[in-house]
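Colleague: I am new to this structure. Please pick one part, look at it closely, and then show me how the rest is laid out around it.

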Amino acid sequence: NKVYLNGNIVDAEEAKISVFDRGFIFGDGLYEVMVQINGSFFYEKEHLERLQYGLQAINIDFNAAFLKKEIPKLLHAAQLTAIDCMLYIQITRGVAPRQHSFPQQCQPTVMMYAIPKVLPVINEINAKVLTRKDFRWSRCDIKMTSLLGNVMLNEEAMQHECYETILHRNGVYTEASHSNVFFVKEDVVYTHKANEHILNGITRIVVIELCNSLGIPLKEEAIAVEEIEHIDEAFLTGTSTQIASIQQIDDKLLYSENEKGPITKKLQEAFLKLK
Ligand code: PLP
């Protein structure tokens with residue numbers, strides 16, 4: 001496999017980064033994940049714009065749009081040009097002697113790789129999820145590589161044989177450990193507004209647009225923890241998750257294994273037509 005590292009494309013085994021890279025030392029970096037479907041990246045512009053938003057937020061001087069021209073070079077070298085694949089991009093602040101504050105002179109480390117990945121037409125996972133307090137920091141809008149909180153919260157799901165952990169903060173559901181969460185209550189779709197407590201998922205934005213175009217009422221409003229008893233449907237969104245129906249939240253069974261809610265189904269069917 002091939003890796004893009006600071007403008008060069010090398011064999012994966014040859015891709016070396018300094019142990020003093022601030023990405024390694026502090027988790028001082030950002031990442032993006034996007035998928036190529038039928039020869040083009042799904043919402044590539046939006047992914048690169050979100051990366052630019054993060055770069056500005058943490059003051060790394062790099063133009064994410066530059067990658068638009070670099071990605072095809074990597075895919076060509078990796079022989080993935082026309083293959084459905086997942087692209088991972090990581091940009092860290094770079095290599096510098098260890099000190100917390102931003103170093104004066106620092107060249108960002110830019111790394112990308114792609115691996116073949118075929119997403120299902122519709123994600124047929126009917127997820128069991130658990131709920132946990134969101135103990136992550138308060139800048140979840142920055143897609144940073146420091147994912148320890150997300151990793152720990154996701155591990156809890158795995159330990160309980162669940163697919164995801166959905167998170168609550170200040171008494172309301174925010175998002176999940178590696179996806180966004182939507183609820184349906186009395187035919188209205190709810191999802192937490194895009195603020196510093198969630199990552200504004202590209203799939204989340206796509207689903208909001210789909211609701212608007214299908215005339216499904218949608219509110220960017222949080223659902224309170226105690227409201228969960230009155231929920232009719234719930235689903236997760238994410239780049240590789242696409243739209244995944246939720247079957248069970250903790251002990252609350254929403255649907256049986258082979259059943260999902262009508263609005264979730266409608267959105268899944270509309271989503272596949274975008275690909
Ligand atoms: N929320 C978190 C915490 C995530 O890690 C992700 C994806 O990695 C998402 C939401 C979904 O974002 P997207 O739809 O852009 O993949």
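Modeller: First, a term. Helices here are DSSP runs of H or I with at least four residues, and they are numbered from the N terminus. Leu-210 is found in one of them, helix H5. Keep in mind that this is a predicted model.

Start with Leu-210. Is Leu-210 buried or exposed? A residue counts as buried if 20 or more other C-beta atoms lie within 10 Å of its own. Leu-210 has 21 within that distance, so it is buried. What does Leu-210 touch, leaving aside its neighbours within four places in sequence? The contacts are Leu-267, Ala-270 and Phe-271. A further residue to look for is Leu-274, 64 residues away along the chain. The C-alpha atoms of Leu-210 and Leu-274 are separated by 9.7 Å.

Follow Leu-267 next. Leu-267 belongs to helix H6, which spans residues 262-272. Leu-267 is buried there, together with Ile-263, Thr-264 and Gln-268. Look down the axis of H6: these buried residues fall within an arc of 135 degrees, so they line one face of the helix. An α-helix has 3.6 residues a turn, so residues three or four places apart point the same way. The buried residues of H6 pack against H5. Their other partners are the strands S10 (180-185), S11 (188-191), S13 and S14 (242-249).

Now go back to H5, which covers residues 202-214. H5 gives three residues to the shell around the ligand, the most of any element. Strand S13 (233-238) supplies two or more as well. The shell counts 14 residues, and Leu-199, Gly-201, Ile-202, Thr-203 and Thr-239 come nearest to the ligand. What is the make-up of the shell by class? Nine of its residues are polar, three are nonpolar and two are charged.

Step back to the whole chain. Where they meet, domain 1 brings 18 residues to the contact and domain 2 brings 10. On the domain 1 side, strand S3 (29-37), helix H2 (44-57) and strand S5 (85-92) each supply at least two residues. S3 has the largest share, seven residues. By class, this side holds nine nonpolar, six polar and three charged residues.

S3 and S5 bring us to a sheet. Six strands form it, open, in the order S2-S1-S6-S5-S3-S4, with antiparallel pairing. Strand S2 (8-11) and strand S4 (40-41) stand at the edges with a single partner strand each, so one side of each has no neighbour in the sheet. Trace the pairs. S1 (residues 2-5) and S2 are joined by four bridges, and Val-3 has Val-10 in S2 as its bridge partner. Eight bridges link S5 to S6 (residues 109-116), where Tyr-88 stands opposite Tyr-113. S3 and S5 share eight bridges too, and Gly-29 faces Thr-92 in S5.

Ala-15 lies between S2 and helix H1 (22-26). Not counting residues up to four places away in sequence, Ala-15 touches Val-3, Leu-5 and Val-10. The C-alpha atoms of Ala-15 and Leu-5 are 6.8 Å apart. Ala-15 has 17 C-beta neighbours inside 10 Å, so it counts as partly exposed.

In H3 (residues 67-77), Leu-67, Leu-74 and Leu-75 are buried. Seen down the axis of H3, they fall within an arc of 95 degrees, so they line one face of the helix. What do these buried residues pack against? They meet S1, S2, S5 and S6, along with H2. On the other side of H3, Lys-69, Pro-72 and His-76 are exposed. After H3 comes Gln-79, with a positive phi near 55 degrees.

Conventions:
Residues are numbered from 1 along each chain as its sequence is written. This is a predicted model: local features need pLDDT of at least 70, side-chain atom pairs count only at pLDDT 80 or more; totals for chains, interfaces and linings use all residues. Two residues are in contact if their C-beta atoms, placed from the backbone, lie within 7 Å. Ala, Val, Leu, Ile, Met, Phe, Trp, Tyr, Cys and Pro count as nonpolar, Asp, Glu, Lys and Arg as charged, and the others, Gly among them, as polar. A residue is near a molecule or strand if its C-beta atom, placed from the backbone, lies within 6 Å of it. A residue is buried if 20 or more other C-beta atoms lie within 10 Å of its own, exposed if 12 or fewer, and partly exposed in between; C-beta atoms are placed from the backbone. The arc is that of the directions from the helix axis to the C-beta atoms. Two strands pair if DSSP finds at least two bridges between them.
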